[in-house]
Amino acid sequence: MIPVLELKNIHKSYRRKNSTVQAVKGVEFKIFPGECLGLVGESGCGKSTLAKLITASESADRGEIYIKGNKILEGGKNSHKMICETVQMVFQVPVTSFNPRQRLGNSIMEGMINRGIGKKEARDRAGEYLEICGLAKEYAERYPHQVSGGECQRASFARAIAVNPSLLICDEATSALDVTIQAQIIKLIGKLKKENNTAYLFISHDIAVVQEICDRMIIMHQGQIVEEGRPDEIISNPKNEYTKILIDSCL
Ligand SMILES: Nc1ncnc2c1ncn2[C@@H]1O[C@H](COP(=O)(O)OP(=O)(O)OP(=O)(O)O)[C@@H](O)[C@H]1O
């Protein structure tokens with residue numbers, strides 16, 4: 001089976017005024033269709049950098065990224081198109097990812113219209129996706145500042161799933177939600193995984209949530225993968241010293 005996403009020996013550094021930070025050092029992993037991969041690690045270990053590299057908002061110093069078997073080329077038009085068609089992202093603070101002057105419904109419709117769906121159908125579907133994500137259709141008429149953080153997060157999931165992505169990257173996407181909304185979103189992720197074969201890269205500090213929804217998990221420490229495996233196995237029998245500390249501090 002061809003992975004939806006494959007990272008090979010990825011390195012990324014950031015240059016600061018008087019120093020260089022090695023944010024990602026030789027990271028490799030694959031995600032297959034319908035699989036949810038959890039990415040866990042302390043603040044600053046390079047998780048968001050990986051998400052930025054996958055969506056080409058940053059470019060790697062070294063290494064290769066493949067989406068559905070196709071190599072992503074920096075600045076390549078085809079690569080950009082493929083990322084847009086295949087990958088969607090949901091962020092921790094969704095309000096900043098919405099255009100403040102656009103109603104939520106119009107933001108959700110945008111991706112569908114870009115894919116050739118008629119305006120009327122896109123509008124109907126936007127309402128349906130909002131409902132799938134636990135919001136009334138009427139939320140389509142609201143602006144981002146007129147909804148709560150949790151509601152905005154659900155609208156952001158609606159926007160992401162409206163274009164039926166093969167890979168959905170959730171970067172701390174459930175961290176700011178209260179437990180009931182979080183449970184709804186987790187249920188939704190499970191449903192989409194099963195029904196649409198959507199693959200997930202689920203970036204989180206929350207090992208308990210990762211254990212609940214992820215098929216595999218990766219532990220990152222200082223830019224490197226230090227452990228990889230099934231969440232239950234890692235949590236009950238961590239092999240790496242850092243993993244042990246992380247699990248003890250989280251559970
Ligand atoms: N644009 C940038 N310029 C310079 N350094 C950066 C930049 N972006 C990230 N870094 C540094 O790279 C390292 C990895 O950052 P990254 O945001 O990937 O971590 P993270 O694991 O996502 O952290 P968090 O969980 O806090 O979001 C950190 O040391 C961070 O300070």
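**Exercise 1. Find which elements each supply at least two residues of the shell around the ligand.**

Solution. Strand 2 and helix 1 (47–54) each supply at least two residues of that shell. Keep in mind as you look that this is a predicted model. Next, list the residues around the ligand: Tyr14, Arg16, Val21, Ala23, Gly41, Ser43, Gly44, Cys45, Gly46, Lys47, Ser48 and Thr49. Helix 1 gives the most to the shell, with three residues. Finally, sort the shell by class: four residues are nonpolar, six are polar and two are charged.

**Exercise 2. Work out the strand order of the open sheet of four strands.**

Solution. Start with strand 1 (residues 5–15) and strand 2 (residues 20–31), which pair in the antiparallel sense over nine bridges. A hairpin of four residues links strand 1 to strand 2. Now move to strand 4 (residues 62–67), which pairs with strand 5 in the antiparallel sense over two bridges. Here tyrosine 66 stands opposite lysine 71 in strand 5. Put together, the order is 2-1-4-5, with antiparallel pairing. Strand 2 and strand 5 (70–71) are the edge strands, each pairing on one side only. As background, strands of a sheet pair through backbone hydrogen bonds, either parallel or antiparallel.

**Exercise 3. Decide whether methionine 217 is buried or exposed.**

Solution. First locate methionine 217: its place is in strand 9 (residues 216–221). Then count its C-beta neighbours inside 10 Å; there are 25. A residue is buried if 20 or more lie within that distance, so methionine 217 counts as buried. For its surroundings, set aside neighbours within four places in sequence: methionine 217 is in contact with Gly38, Val40, Val210, Pro231 and Ile234. Lastly, compare sequence with space: methionine 217 and glutamate 228 are eleven residues apart in sequence, and their C-alpha atoms are 5.7 Å apart.

**Exercise 4. Explain why helix 5 is largely enclosed by the rest of the structure.**

Solution. Begin with its dimensions: helix 5 (residues 149–161) has 13 residues and reaches 18 Å from its first C-alpha to its last, close to the 18 Å expected at 1.5 Å a residue. Next come the buried positions, among them Cys152, Phe157 and Ile161. Twelve of the 13 residues of helix 5 are buried, so the helix is largely enclosed. What covers these buried residues includes strand 6 (87–90), helix 3 (104–114), helix 4 (119–132), strand 7 (167–171) and helix 6 (179–196).

Technical notes: Residues are numbered from 1 along each chain as its sequence is written. This is a predicted model: local features need pLDDT of at least 70, side-chain atom pairs count only at pLDDT 80 or more; totals for chains, interfaces and linings use all residues. Two residues are in contact if their C-beta atoms, placed from the backbone, lie within 7 Å. Two strands pair if DSSP finds at least two bridges between them. The expected span of a helix is 1.5 Å times one less than its number of residues. A residue is near a molecule or strand if its C-beta atom, placed from the backbone, lies within 6 Å of it. Ala, Val, Leu, Ile, Met, Phe, Trp, Tyr, Cys and Pro count as nonpolar, Asp, Glu, Lys and Arg as charged, and the others, Gly among them, as polar.
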